[in-house]
Amino acid sequence: IEGHKGCYEYSTHFQGLEGHGSAPDQGVNAVEYAVRFTSRLLELKTQLTTMAPPNSRFQPPWTTVNVGALHGGSVHNIIAPKAQVDWEMRPVQDSDASFVKKALHVFCQDELLPAMRRVFPQAQIETEVIGEVVGLTPEDSNEARRLLMQLTGANRADLVAFGTEAGLFQSLGMDVVVCGPGSIAQAHKADEFIALDQLAECLELLDKLSLKLG
């Protein structure tokens, strides 16, 4: 693997004002504002499908957005004072991440917060960064890729949509390739596994690498 998207994960927290559902104008429903935030996020998700770089090799070729969870509220007749949206994006380029974050910041500052604070001046919207894993950018010249192709007999390298730590090493100026046993098709689910024959191939590769570098 010579390239992958970034993986940026966030939780956006909404602080409103509790009240009785029969008097909605006297409270600030955090769930309602979380839904509006989510709707804006989904608009950006659609817009990103038109912003894929030319000849992008990723599948899909554009930056993706996923809303993983929305938490908030307690019972039917209480105005929810708190809510939380857990979401992620997987940028194919840094500019897409900046585009999404700026658009959401402007939406919160110019639309959501003013409406919330007209009723409750202490209302807040805060986005917590869970993690921002940089992507791995394919390079025309990559000594690590050349070496692994030589040892494995592979004649091409692929791109994937999931993330690894490889981009961190690349950001330090290193040539990087991801190579190892297992498949994302068996990952992150019940009974995930790595096939024994792939482990055997991995050990053989490590032996070859040791002799090559030794």
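Predicted model: local features only at pLDDT ≥ 70, side-chain atom pairs only at ≥ 80, totals over all residues.
Me: Which strands form the open sheet, and in what order?

Reply: Four strands make up the open sheet, in the order S4-S6-S2-S7 with antiparallel pairing; strands here are DSSP runs of E with at least two residues, helices are runs of H or I with at least four, both numbered from the N terminus, and two strands pair if DSSP finds at least two bridges between them.

Me: Which strands stand at the edges?

Reply: Strand S4 (64–72) and strand S7 (124–133) do, and each has a single partner strand, so one side of each is left without a neighbour in the sheet. From one strand to the next, the twist averages 15°.

Me: How many bridges join S2 to S6?

Reply: Eight bridges join S2 to S6, which run antiparallel, and S4 also pairs with strand S6 (residues 82–90) over eight bridges in the antiparallel sense. Among the residue pairs, Asn66 has Glu88 in S6 as its bridge partner, Val65 has Met89 in S6, and Phe14 stands opposite Ala83 in S6.

Me: Is S6 buried or exposed, then?

Reply: Seven of the nine residues of S6 are buried, so S6 is largely enclosed by the rest of the structure; buried means under 20% relative accessible area, exposed means over 50%, and partly exposed lies in between, using a 1.4 Å probe and protein chains only.

Me: What does helix H2 lie across?

Reply: Helix H2 (residues 94–117) lies across strand S2 (7–15), S6 and S7, and runs at about 165° to S7. That angle is taken between N-to-C directions on a scale from 0 to 180 degrees, with axes fitted to C-alpha atoms, for helices over the stretch in contact, where contact means heavy atoms within 4.5 Å.

Me: Changing topic, where is Leu203, and is it buried or exposed?

Reply: Leu203 sits in helix H5 (residues 196–213) and is exposed, with a relative accessible area of 54%. The C-alpha atoms of Leu203 and Gly180 are separated by 9.6 Å, although these residues are 23 residues apart along the chain.

Me: And what about Leu168?

Reply: Leu168 belongs to helix H4 (residues 166–171) and counts as partly exposed, at 45% relative accessibility.

Note on methods
Residues numbered from 1 in each chain as written. Heavy atoms only, no water.
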